[in-house]
Amino acid sequence: MTVHDVQTVRAFEHPGAGRKRAKATPKGRQVDPTAAHEIELLLGDRQRRRDLLIEHLHLIQDTYHQISAAHLAALADEISCRLRRCLRLRPSTRISMW
């Protein structure tokens with residue numbers, strides 16, 4: 001490291017510097033295109049209603065033996081539901097092996 005490197009000031013953009021300088025980044029969990037396509041194929045011609053969320057979660061669990069975060073975000077996007085609602089219901093959808 002030389003003296004010149006220490007004395008130069010590097011310019012950077014602080015994310016909280018206001019609207020003008022903040023970088024535009026999408027908020028929330030982004031939907032994986034592969035997972036979205038898998039969910040679309042899995043649901044097929046089933047209705048995309050919010051009250052069928054539990055049934056759709058069971059279908060994902062039965063098919064993939066798990067409910068991944070990518071599939072959960074894709075399902076929320078597919079049925080136009082908030083991801084928070086899906087996350088709240090996920091622990092109660094465990095299927096017993098008995």
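This report looks at the nonpolar core of a predicted model and the helices around it.

## The core

Let's start in the middle. The largest nonpolar core holds 16 residues. Those with the most contacts inside this core are Ile39, Leu53, Leu57, Ile60, Leu75 and Cys86. The elements that give two or more residues to the core are α2 (33-43), α3 (53-64) and α4 (69-78).

Setting aside neighbours within four places in sequence, Ile39 is in contact with Ile60, His71, Ala74, Leu75 and Glu78. Two of these partners, Ile60 and Leu75, also belong to the group with the most contacts inside the core.

## Helix α2

Which residues of α2 are buried? They are Ala35, Ile39, Leu42 and Leu43. These residues lie on the same side of α2, because they cover an arc of only 90 degrees around the axis.

The buried residues of α2 pack against α3 and α4. On the other side of α2, you will find Pro33 and Leu41 exposed. Just after the helix comes Gly44, which takes a positive phi of about 55 degrees.

Just after α3, His65 has a positive phi of about 60 degrees.

How do α2 and α3 meet, and at what angle do their axes cross? The axes come within 11 Å and cross at roughly 105 degrees. Angles of 65 to 115 degrees count as roughly perpendicular, and α2 and α3 are therefore roughly perpendicular to each other. From α2, the contact is made by Glu38, Ile39, Leu42 and Leu43. The α3 side brings His56, Leu59, Ile60, Thr63 and Tyr64.

## Helix α4

Finally, α4 has His71, Leu72, Ala73, Ala74, Leu75 and Ala76 buried. Among them, His71, Ala74 and Leu75 are in contact with Ile39, which brings us back to where the tour began. After α4 comes Ser80, with a positive phi near 55 degrees.

Notes. Residues are numbered from 1 along each chain as its sequence is written. This is a predicted model: local features need pLDDT of at least 70, side-chain atom pairs count only at pLDDT 80 or more; totals for chains, interfaces and linings use all residues. Side-chain values use heavy atoms; hydrogens and water are left out. A nonpolar core is a set of buried Ala, Val, Leu, Ile, Met, Phe, Trp, Tyr and Cys residues joined through side-chain atoms within 4.5 Å. Buried means under 20% relative accessible area, exposed over 50%, partly exposed in between (1.4 Å probe, protein chains only). Helices (H or I, at least four residues) and strands (E, at least two) are DSSP runs, numbered from the N terminus. Contact means heavy atoms within 4.5 Å. The arc is that of the directions from the helix axis to the C-beta atoms. Axes are lines fitted to C-alpha atoms, for helices over the stretch in contact, and angles run from 0 to 180 degrees between N-to-C directions. Angles under 35 degrees count as roughly parallel, over 145 as roughly antiparallel, 65 to 115 as roughly perpendicular and the rest as oblique.
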